[in-house]
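Please read the following report alongside the sequence and the three-dimensional view shown here.

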Amino acid sequence: MHTAIYIFHLQWNEVAKLFRAGMPLRKHRQHFRVYANCFTAVAAVDWLHELLRNNSNFGPDVTRQQTVQLLKTFLKNHVIEDVKGRWGCEDFEDNCHLYMFPSLLKGIPHCPLVSGPASVKKSFSMREKEGFKCRSSKKLDKDTVENVVRSKQDMETEPVSEVVQPRVLTEEEIQDVWRGITLTHLQKTLGLTSLEVVLDPRHINPQNIVYNMTIVNKHGVVTLEDKTDDLPHWVLSAMKGLANWPKYDASQPSYPGFERDVFKTVSDYFYSLPRPILTSEYYKLFVNILGLLQPQLEQVAIEALQLCTLFLPPASRRKLQLLMRMISRMSQNMDLPRLHDAIATHTLMAHMFSHCVLGCKEEMDLDELLATRLVSFLMDHHQEILQVPVYLQNAVQDHIAYLRKVQTDQHQRV
């Protein structure tokens with residue numbers, strides 16, 4: 001037995017959980033029928049092969065054929081089944097055959113063939129006969145004829161639907177979905193075999209991810225339900241004035257150097273914060289992303305930062321969003337007087353806010369150059385980085401919808 005297969009058995013729960021959580025489910029048409037929430041065999045091989053190659057328990061030497069062998073094991077042990085509800089064998093091949101997760105079907109039996117009460121079988125049989133009789137009395141189009149003449153074997157292997165109540169997910173289960181899918185996407189984006197080298201999983205609070213993704217205004221900026229952690233009104237007013245200069249509040253005073261005084265007020269507030277906006281727990285993570293700040297890896301860095309900033313407490317993410325919007329507008333505003341006689345506004349912004357954005361527990365370990373580079377990159381790409389990632393939202397919503405459709409294991413046994 002191959003080493004990768006042996007390791008797989010040791011890590012069965014982990015791999016199965018990642019596969020179920022991340023494998024994309026779509027609608028597919030086969031033999032004039034449409035199957036929802038399923039996937040092709042080749043798509044499963046593609047996705048799982050990539051996952052295994054980037055997993056520390058397997059590594060880049062895992063071959064596509066070994067991945068097929070793992071999926072054969074999945075099929076044999078009912079981790080997956082074909083769209084007819086068949087499983088228990090190892091005839092999985094790298095082709096376009098359709099598969100799905102068992103719990104997607106209604107009334108899944110414990111054997112590959114559908115069985116049920118005699119009354120159900122009789123009712124089904126009568127509907128078949130009535131259907132043929134009705135169709136034979138009128139002219140049929142080509143598609144209808146082809147659907148009618150499906151083989152008897154196909155008819156017998158179709159699952160008999162039962163009306164069941166959708167599964168009710170707990171809040172903890174929903175948060176686990178958000179956490180799992182977000183971390184899976186981040187690991188794949190960074191190309192790491194394990195996130196543990198840059199991140200302590202204990203620091204990830206799924207409630208932050210959910211809040212930052214869902215409690216936002218029309219611009220994607222986090223809205224705080226608890227206003228005690230929000231920016232003071234006078235700071236928000238000052239930031240708005242600088243971001244929209246010279247369209248400031250007419251009731252405010254105006255004199256030479258007024259903009260510098262307002263800017264100092266804002267910068268002093270951010271320097272007075274008890275901890276950096278990108279909390280020190282994630283310092284190592286953000287420093288590692290700085291290695292991606294190269295022209296050819298720019299989009300990867302944007303996607304990585306987009307995911308990482310979701311880990312922040314909502315109040316911190318809101319501060320980051322509003323600060324980056326302000327300094328970005330200021331650095332591009334040709335009407336704004338220079339805030340420093342010798343330093344360009346863009347450079348000044350990056351240096352001025354580097355310490356209050358990125359920090360570590362030991363101040364002596366902070367690399368000021370790295371912090372400045374990060375702030376500069378955030379400032380230039382804040383609209384992409386700090387928006388709600390729609391692809392992640394869709395992936396989570398699709399998986400939650402899938403989980404809500406499944407029956408409990410207890411109902412399946414009944």
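Among contacts in the chain between residues at least 6 apart in sequence, what percentage join residues at least 24 apart? The share is 70%, counted over contacts between residues at least 6 apart, where contact means heavy atoms within 4.5 Å.

This is a predicted model, in which local features need pLDDT of at least 70 and side-chain atom pairs count only at pLDDT 80 or more, while totals for chains, interfaces and linings use all residues. Residues are numbered from 1 along each chain as its sequence is written, and side-chain values use heavy atoms, with hydrogens and water left out.

**The chain as a whole**

The secondary structure comes to 19 helices and four strands; helices (H or I, at least four residues) and strands (E, at least two) are DSSP runs, numbered from the N terminus. Of the 414 residues, 44% count as buried, that is, under 20% relative accessible area with a 1.4 Å probe and protein chains only. The chain exposes about 22,600 Å², of which carbon and sulfur atoms supply 52%, the areas coming from the Shrake-Rupley method with a 1.4 Å probe.

**The sheet**

The four strands form an open sheet in the order β1-β2-β4-β3, with antiparallel pairing; two strands pair if DSSP finds at least two bridges between them. Because β1 and β3 stand at the edges with a single partner strand each, one side of each is left without a neighbour in the sheet. β2 and β4 pair in the antiparallel sense over two bridges. Helix α3 (residues 41–53) packs on the sheet, touching β2 and β4, and its direction makes about 20° with that of β2; axes are lines fitted to C-alpha atoms, for helices over the stretch in contact, and angles run from 0 to 180 degrees between N-to-C directions.

| β1 | 26–30 |
| β3 | 81–82 |

**Thr 40**

Thr 40 counts as buried because its relative accessibility is 13%. Leaving aside neighbours within four places in sequence, Thr 40 is in contact with His 28, Asn 95, Cys 96, His 97 and Leu 98. The side chain of Thr 40 also reaches the backbone nitrogen of Ala 43 at 3.1 Å.

**Helix α4**

Helix α4 (residues 64–76) has 13 residues and reaches 19 Å from its first C-alpha to its last, close to the 18 Å expected at 1.5 Å a residue, the expected span being 1.5 Å times one less than the number of residues. Its buried residues include Val 68, Leu 71 and Phe 74. After α4 comes His 78, whose phi is positive, near 65°.

How values were computed:
Buried < 20%, exposed > 50% of the residue type's maximum accessible area, 1.4 Å probe, protein only. Polar contact = N/O pair within 3.5 Å; in protein donor to acceptor, adjacent residues only side chain to side chain.
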